[in-house]
Amino acid sequence: MQQVKAVVARGKGLPVELTTINVPDPGPGEAVVQVQACGVCHTDLHYREGGINDDFPFLLGHEAAGVVEAVGAGVTDVAPGDFVILNWRAVCGQCRACKRGEPWYCFATHNATQRMTLEDGTELTPALGIGAFAEKTLVAAGQCTKVDPSARPAAVGLLGCGVMAGIGAAINTGAVTRGKSVAVIGCGGVGAAAIAGSALAGASPIIAVDIDAKKLAKARELGATHTVDSSQVDPVEEIRRIAAERYEGADGADVVIEAVGRPETWKQAFYARDLAGTVVLVGVPTPDMKVPDLPLIDIFGRGGALKSSWYGDCLPSRDFPMLVDLYQQGRLDLDAFVTEEIGMGDIEAAFERMHHGDVLRSVVIL
């Protein structure tokens, strides 16, 4: 066991605290990772505010990259010295989804068996089973995905959550390809990544929808061909107009990605898609939100698919190395998502900037 510095949320709504924690030596199937960089994700804020569950204290942070320091018995996929991106989908290989060849839907993803603790022995709950706002963290070895060690940790670590969620919502869930039109409602970190993924896939037009001019400008940088300020115009009508300009007879975009997680924006996405088009919900709603009142005939009559996207329906062992390679080739600008690099003592301020929409990602450098 060793002691390291880490950021902990001790109670609902309380400011996070920089403290010392105990990290056990890795047991069977586990690994200790020296964290190099970790993004500040909105999910971490949800944990701090009690929006996930009340299993305080939480060890926050999950969007991370680092170097494997030690592994436990039976670990063969990674070894000490490997540069890895951490993921929260360590597939089991045994559940129904895995056995039918769809491990990206794994129903039994696993985490480390042992628990990290505060100095007094109080067990910590690691965010998404990772807990990477720490100098070192204990994870299941399957949560480590080996990638090119020359890649910038601050950039590629973001594939651990938000950027992968957005790119995957477009490419994996929405099946975006050349010849398809795409609209993305909500251009925060996940929505911006969905735009980048759509551009990578060759979609056109790519329509970015938001109420924030700064976010729309960033969306242009990442590949949006059109932007729509939905505080000024009806986004459904604008998406339909733009799609029809590109494809005669289109009544909306082929794929509409909702990256906000609110009933009103989901309803916009539903009516902004073309006939037989696809709606992808990647924005995370709160438990109290209800699907808006929609005539059942509209759901039937428009055809197509209404999907939700879990973690961009990614398979880390397949997707992370591929996307890192594209980044290294200059074809995927992951650096554009890193708004600022901060220290562990700056996380509370980063949460505040997140509220104001000033950043795509603050990244903690360790």
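The chain has 11 helices and 18 strands. Here helices (H or I, at least four residues) and strands (E, at least two) are DSSP runs, numbered from the N terminus. The radius of gyration, taken over C-alpha atoms, is 20 Å, close to the 21 Å of the globule rule for 366 residues, so the chain is as compact as a globular protein of that length. That rule is 2.2 Å times the number of residues to the power 0.38.

Before we go on, please keep in mind that this is a predicted model, where local features need pLDDT of at least 70, side-chain atom pairs count only at pLDDT 80 or more, and totals for chains, interfaces and linings use all residues. Residues are numbered from 1 along each chain as its sequence is written, and side-chain values use heavy atoms, with hydrogens and water left out.

Now for the whole chain. Its C-alpha atoms fill a box of roughly 65 × 40 × 40 Å, taken along the principal axes. Of the 366 residues, 53% count as buried. Buried means under 20% relative accessible area, exposed means over 50%, and partly exposed lies in between (1.4 Å probe, protein chains only). Let's look at contacts too, meaning heavy atoms within 4.5 Å. Among contacts with a separation of 6 or more, 69% are between residues 24 or more positions apart.

Next, a sheet. In which order do its strands lie? This open sheet of 5 strands runs β7-β2-β1-β4-β8, with mixed pairing. The edge strands are β7 and β8 (125-126), each pairing on one side only. Two strands count as paired if DSSP finds at least two bridges between them. As a reminder, strands of a sheet pair through backbone hydrogen bonds, either parallel or antiparallel.

Let's walk through some of these pairs. Strand β1 (residues 2-9) and β2 are antiparallel over 7 bridges, and Val-8 stands opposite Glu-17 in β2. On β4 (residues 58-59), which is joined to β1 by 2 antiparallel bridges, Leu-59 stands opposite Val-8. Strand β2 also pairs with β7 (residues 117-118), again antiparallel, over 2 bridges; there Ile-21 faces Leu-118. Strand β2 (residues 17-23) is mostly covered, with 5 of its 7 residues buried.

Strand β12 (residues 206-210) is my next stop. Why do we call β12 largely enclosed by the rest of the structure? Because 5 of its 5 residues are buried. Ile-206, Ala-208 and Asp-210 point one way, Ile-207 and Val-209 the other. Strand β11 (residues 182-185) pairs with β12 in the parallel sense over 4 bridges, and Ile-185 has Val-209 as its bridge partner.

Now, two single residues. Is Thr-137 buried or exposed? Thr-137, in strand β9 (residues 136-140), is buried, with a relative accessible area of 0%. Leaving aside neighbours within four places in sequence, its contacts include Val-23, Leu-86 and Met-116.

Finally, Leu-296, in helix α9 (residues 296-302), counts as exposed because its relative accessibility is 68%. Together with Ile-299 and Leu-306, Leu-296 forms a nonpolar surface patch with about 280 Å² of accessible area. Such areas come from the Shrake-Rupley method with a 1.4 Å probe, and for residues only the protein chains shown count as cover. Patches are made of residues with over 30% relative accessible area and no salt bridge; like charges are joined within 9 Å, nonpolar side chains (Val, Leu, Ile, Met, Phe, Trp, Tyr) within 5 Å. A salt bridge is a side-chain nitrogen of Lys or Arg within 4 Å of a carboxyl oxygen of Asp or Glu.
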